[in-house]
Amino acid sequence: MSQPEYTTAQATALTNHDRKPIHIPGSIQPHGILLALSTQLEILQVSNNTQVYLGKGPEDLLGRPLSYLIDPRQVEIVKQCLVKKIGSAQAFKVSINTLSEKRYFDAIVHRTEEAVILELEPTDSESEVSFLSFHALAGEAIAKMQSTSNLGEFLHLVAQEVQKIIGFDRVMVYQFDESEAGSVVAEVKREDLSPYLGLHYPATDIPAQARELYTRCFLRFLPDLTAEPVKLVPTENPTTHQDLDLSYCLLRSFDWCCTEYHQNMGVKALLVISIIQEQKLWGLISCHHQTPKYISYEVRKMCEFLGQIASSELAHKISHSEWDYKVKLKSLQSEFLESISQADNFIDALIKPEIRLLDLVSASGAAVCLDNEINLVGTTPNIDEVQALIEWADTQVSDNLFSTDSLPKLNSEALIFKDTASGLLLMRISKIRRYYILWFRPEVIQTVHWAGNPQESIQAQADGSYTLSPRKSFEQWQETVRLTSLPWKACELDSAIALRNAIVGIVLSKADELAKINLELERSNQELASFAYAASHDLKEPLRGIYNFSTVLLEDYAQVLDDDGIECLQTVVALSVRMETLINALLRLSQLGQAQLRLQATDLNELLNQVIDVFRASRQDSGLVDIRIPRPLPTVLCDRVLVNEVFSNLLGNAFKYNDKAEQWVEIGYFSQEEAEGQGSRGAEGQRGMGAGEQGETRGITHTQCPMPTCPERSRRDAQSPITFYIRDNGIGIPHHHLETIFRLFKRLHSQEKYGGGAGAGLAIVKKIVELHNGKIWVKSTVGVGSMFYFTLE
């Protein structure tokens, strides 16, 4: 049977076996008797062996009150059980007069949903074991168990002390793993017996129903696995007409499968004590004897008490062994989260230094995925494989945290990178965005020693179904386990969850801070824009008055003023003109800050025609200038009026700051591919471009596109981002001024040089370009020329 077939068959067989109602067998073991009572303490059912122990047959007891059998004082003890919770047991000594003698019993009473159950086991003494006697027997064992902090040594001591008390041939501590399979982690045995220490047992050996009963009833005793069970009379409870629930009964009979399983191991007597950790079944203290062996109720209670002490101490031993590791993880968490919360770059904080991200869960590699950006750390699959793994997780993983130590068994495509990622811990940070952190562990080939071939317990039936059947052999059987990594520990998963919660908290905090800042900036910008508009608008009226009155004084009162007074008035007029220019620039910039774009498909050739016509009209006295357009400009989606202003300002500056005898300006564009090739070239590298090329003209003329709305060109332009440029052979810009020239009112020269101006043109151009989600920059060489680039998106 292949591994996949075995896994399927095991699941089917376990499901079928778990349906077996082993808690209602309808019978008990023969070393005691059982009475089922009504809430009025009337005997409803008895085991069919009362004649042996009491000298009274079932027919003599059914329908009788309990007082018919035991004295009133003892009946009162049973009556107290009616107010206790289901499963709570009360033990006491009982003496019953039979036809031949007085007999003593250990009585154990508990209640179920439908009845009160009284179990009686014969004993030689009517006195209970005193506390001092109990302490003398158990105290030394407890002291030894508490004296060691080593988990392995502690478990061996548990087995040793239980074996000392009960004298069984073999006592083992059996631990369950995550898959409910188990292994022997401690053993004390007779020297001639084969060792079971270190052997593994499949989950089928102790199915779910049996494990569930072990969590309810902490001790199970089978003194003679060859004994015939004793039926209950009647079989069904006459009140409920249901089989009696014997879940909490010490005398409950055993399933044939359990009998055959242990007999195949050579076991005739069995005592099992539950080890409970954090309200879950951690393991069992399993005691085997080669011959039938009875243990008194007091000794069994002592063993159960030791089991409870072991369960309590186990938490401390496990905590002690894991404490240092957990402290290390907590320390890493604190440092890591502090660095993330203070970092400006989220990715850098996660992966630098990389070892912190790996140590956080003891992984050998990790991948940080934020949308389509993936950063790898340590030993990992490649980018494409990680991308495919995330796509698989998108459809197969619904939880925010997912872990497996056998990824190739879940995703066959992961076989190709099993050496680096047989183990996967995946953390989803966001369900809206594709934000993941993945940790990887390599394949670790393991050799597992089974107690017999586990596949032998699965039997195929003629109808195609599978059933459990006890294995015949428990000889050591080796299996090589591949495609698995070291398992992820609970504390490592907790560490990942803590990281996720912290990241979400940090991101939300950052987002909240940014939202508040943006809101404040938006409010401040609106207030500043409103202030600038109001101030510049309101300042124009008094400024106009200053200009007008100064002009009147010059015209009408010049004869009464001396030369110094006239010069002062002329300065006031000049300054008011300068002031009006600055106010107009500020007003324009504030208007742009509140403007709404009116986007439309614009043929830039037509727009440039208009700009050049206006430019030509304004420079009639300047002679011919050379404007070069190497190829027709495209049609773009933009605000026509504002882009007109961009070209007007840049074209005007190109000729304004030019002291050459022969001035020229070139206007063109690059596609995305061309821009990547041209972007690193400065004005020097572009000097030959335009001269002698098609489209060159003398004077203020340009070449139009013969088919400006060509569908093919429009389609091409819409798909490829475009970078426009305006290049000149002017005076150039010093390198240290390339960034500052776009500031408002920034001039590199005095008012007397190059025609003056407010120094606002490039600030306005930058604002318009940014309104179009574009950007503008410049490259220049002093004495050679400048090249302004801008994009419109």
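Predicted model: local features only at pLDDT ≥ 70, side-chain atom pairs only at ≥ 80, totals over all residues.
Biologist: Fine. How many helices and strands does the protein chain have?

Modeller: Both are DSSP runs numbered from the N terminus: helices are H or I with at least four residues, strands are E with at least two. The count here is 21 helices and 29 strands.

Biologist: And how much of the protein chain is buried?

Modeller: Buried means under 20% relative accessible area, exposed over 50%, and partly exposed in between, with a 1.4 Å probe and protein chains only. By that reading, 46% of the 793 residues are buried. Accessible areas come from the Shrake-Rupley method with a 1.4 Å probe, and for residues only the protein chains shown count as cover. The chain exposes about 39800 Å², with carbon and sulfur atoms supplying 52% of that.

Biologist: Let's pick a sheet. In what order do the five strands of the open sheet run?

Modeller: The general idea is that strands of a sheet pair through backbone hydrogen bonds, either parallel or antiparallel. Two strands count as paired if DSSP finds at least two bridges between them. In this open sheet the order is β15-β14-β18-β17-β16, and the pairing is antiparallel. At the edges stand β15 (373-378) and β16 (401-404), each with a single partner strand, so one side of each has no neighbour in the sheet. On average, neighbouring strands are turned by 10° against each other, direction ignored.

Biologist: Which helix packs on the sheet?

Modeller: Helix α12 (residues 383-396) does, touching β14, β15, β16, β17 (423-430) and β18 (435-441). The direction of α12 makes about 115° with that of β18. For such angles, axes are lines fitted to C-alpha atoms, for helices over the stretch in contact, and angles run from 0 to 180 degrees between N-to-C directions.

Biologist: How many bridges join β14 to β15?

Modeller: Six, with β14 covering residues 365-370 and the two strands running antiparallel. Gly365 stands opposite Gly378 in β15, and Cys369 faces Ile374. The hairpin of β14 and β15 has two residues between the strands, and Asp371 takes a positive phi near 60° there. Another six bridges join β14 to β18, also antiparallel, and Leu370 has Tyr435 of β18 as its bridge partner.

Biologist: Which residues of β14 lie on each side?

Modeller: In a regular strand the side chains alternate between the two faces of the sheet. Here Gly365, Ala367 and Cys369 are on one side, Ala366, Val368 and Leu370 on the other, and all of them are buried.

Biologist: On to charges. What is the count of salt bridges?

Modeller: A salt bridge is a side-chain nitrogen of Lys or Arg within 4 Å of a carboxyl oxygen of Asp or Glu. The rule gives 19. One of them joins Arg434 to Asp394, with the closest N and O atoms 2.7 Å apart. Arg434 lies in the loop between β17 and β18 and Asp394 in helix α12, so this pair ties together parts that are 40 residues apart in sequence. Arg434 is partly exposed at 25%, and Asp394 is partly exposed at 32%.

Biologist: Which residues are linked in a network of salt bridges?

Modeller: Lys93, Asp106 and Glu298. The closest N and O atoms of Lys93 and Asp106 are 2.5 Å apart. Lys93 sits in β4 (residues 90-97) and Asp106 in β5 (residues 102-111), 13 residues apart. Lys93 counts as buried at 11% relative accessibility, as does Asp106 at 4%.

Biologist: Last one: which residues make the nonpolar surface patch?

Modeller: Patches are made of residues with over 30% relative accessible area and no salt bridge; like charges are joined within 9 Å, nonpolar side chains (Val, Leu, Ile, Met, Phe, Trp, Tyr) within 5 Å. Val552, Leu553, Tyr557, Val560 and Leu561 make this one, at about 410 Å². Val560 is in the loop between α15 (490-556) and α16 (563-593), and is exposed at 58%.

Notes: Residues numbered from 1 in each chain as written. Heavy atoms only, no water. Contact = heavy atoms within 4.5 Å.
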